[in-house]
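Trainee: I would like a close look at one part of this model, namely its aromatic rings. Please take it slowly.

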Amino acid sequence: MSSGMEDDHIFHMTGLGADQDPKGVFTINRLTGEVSVSQELDREAINSYTLEVSVTDLSGKLVEGPVALLVDVNDQNDNRPIFKETRYAGEVLEGSPTGTVVMKMTAEDADDPRLQNAVLRYNIVRQSPDKPSPNMFYINPESGNIVTVISPMLLDRETLPTTQYELEIVAQDMKGRDVGLTGTSTATITITDKNDHAPEFTHSLFQANVDEGSTGVVVNLTVDDRDDPATGAWRAIYSIINGDPTQSFEIQTNPDNNEGMLSLIKPLDYESLVFHTLLIKVENEDPLVPEVGYSSSSTATVHITILDVNEGPVFFPDPLQVTKMENIPLGSFVALLNATDPDVLQSQSIRFAVLRDPANWLSVNPVRGTVNTSANLDRESPYVHNNKYTAIFMATDNGSPPATGTGTLVIHLEDYNDNAPYVQPSVVRVCEDAKDSVVIVGGRDRDIHPNAGPFKIELGKQPGLEKTWKVSRVNNTHAQIMLLQNMKRANYQLPLVVTDSGLPPLSNSTEIKVQVCTCKKNRMDCSSAGSVRSNLMMLLGLVLLSLLYLL
């Protein structure tokens, strides 16, 4: 712009900071063109302004311009370094080499990064605790990396006074010069554990007494481990490396205290072996570091003494199975019970008794163990299932206190022909017209082969029956009854004799009720004979189906 303007010329200024927000930061003298700052400038808010200046006459006609005016705001060190967080956390593994990077501290400064106003330097001003050295860590003043200074041998989690160290970190601008502004934060560093200590038994020998025949926890094995509790470097795994050929023991780790719970999972027998010696090894879940190994203290011996307990007698064989004919004479010999006392190192006597005899058929000699019949053995009894009768006996020794064992006797009963056969059905119907009168009856027997069928079914010995009725064989179990002449509708009692095939055979004289009915148009009317009407064809069909099934 020209320096010598006439009095009738006016200066104008536009742009950010003039007539645009933020308005009024800059002003211009309308007559002289002098530009002034009317408000405090903040470089961190706006670091430069671009304005335009023009000149007009009094009528507003443009005389000169517009000309650009660029205003740069110079930085002042008016912002402190600021850490994003007031507290930072890091960790380092114990035994780490000197110079191991633990963590990085970073602060920010809002001043101009091109100037020293925003060039930061970091420093550790306090370490707590200050043992074993007040300078266990070092911070790179430019990068903010915190590294270890202490030697690996001293960086031992188990010997340090604490596992956490607190560092106060200061960040200062102006490259750390005394005139620089500062910001502060805290770094908490945790010394983490590695498996550099093997577990060791608190005792080289553990002892326990156990009753024979029992199971459960026998003894708790205790160990020391200097590593961090509840980590894989501390948690113990126990194993039996000798002395358990039958795999009667197992060890589980108590997660609360790291103890090994040695348990019996198979009962032990005093008479077989009184003393058991186990060799136990303990290890960690995580492997040890290469320079550390398991020592003799990582193994222990367990002596277990089995205590004698009075055991009940044992039956052999169990069950004892015998075969007998039913209906043998009272007092007949059935079986000889055999029971032995497991307490072979003691001299004990055994007495026998009946514990369960559902039908009260048996008795036992308390000293000899002989079982005899005290009642008739009946294969057809409801207490017999699948031809087998089961009784339970008890053997008791004279130990202190006495002990009891039980054994089972199974008697397989052979059939004796002691049940006469009978006829079914007991009521039949025939038509009064002889040519339509045929029924089928069958023999039944509670005995089994060969004392049951084939059956022989005949008319009774009453005179004249053969003129009215005829019985003929159909198969091994059934016979056919025919009416030989017309009969008056009524109820009749027909005597029959049925004989089984036993040796000797048994016969049974019985009567069946014959209802003579009127049959018309495939209908059977037995009303006068005290019966209800039924379909004749259906009756004959059912009879034939029964016959075919039995054939």
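Is Phe83 buried or exposed, and at what relative accessibility?

Mentor: Phe83 is buried, because its relative accessibility is 8% and buried means under 20% relative accessible area, with exposed over 50% and partly exposed in between (1.4 Å probe, protein chains only). Before going on, note that this is a predicted model, in which local features need pLDDT of at least 70, side-chain atom pairs count only at pLDDT 80 or more, and totals for chains, interfaces and linings use all residues. Residues are numbered from 1 along each chain as its sequence is written, and side-chain values use heavy atoms, with hydrogens and water left out.

Now the rings. A pair of aromatic rings is described by the distance of the centres and the angle of the planes. Rings of Phe, Tyr and Trp (its six-membered ring) pair if their centres lie within 6.5 Å; planes under 30 degrees apart count as stacked, over 60 as edge-to-face and the rest as tilted. Searching the whole structure gives eight aromatic pairs. One of them joins Phe83 and Tyr88: the ring centres are 6.3 Å apart and the planes stand at 70 degrees, so this pair is edge-to-face. Tyr88 is buried too, at 15% relative accessibility. Together with Tyr122, Phe83 and Tyr88 make up one aromatic cluster.

Another pair is made by Phe201 and Tyr238, and it is tilted, with 6.1 Å from centre to centre and 55 degrees between the planes. Phe201 belongs to strand E15 (residues 200-201) and Tyr238 to strand E19 (residues 236-242), so the pair ties together parts 37 residues apart in sequence. Strands (E, at least two residues) and helices (H or I, at least four) are DSSP runs, numbered from the N terminus. Phe201 is buried, with a relative accessible area of 9%, and Tyr238 is buried at 7%.

Return to the first pair for its surroundings. Glu85 sits in the loop between strand E6 (82-83) and strand E7 (87-93). Glu85 is partly exposed, with a relative accessible area of 46%.
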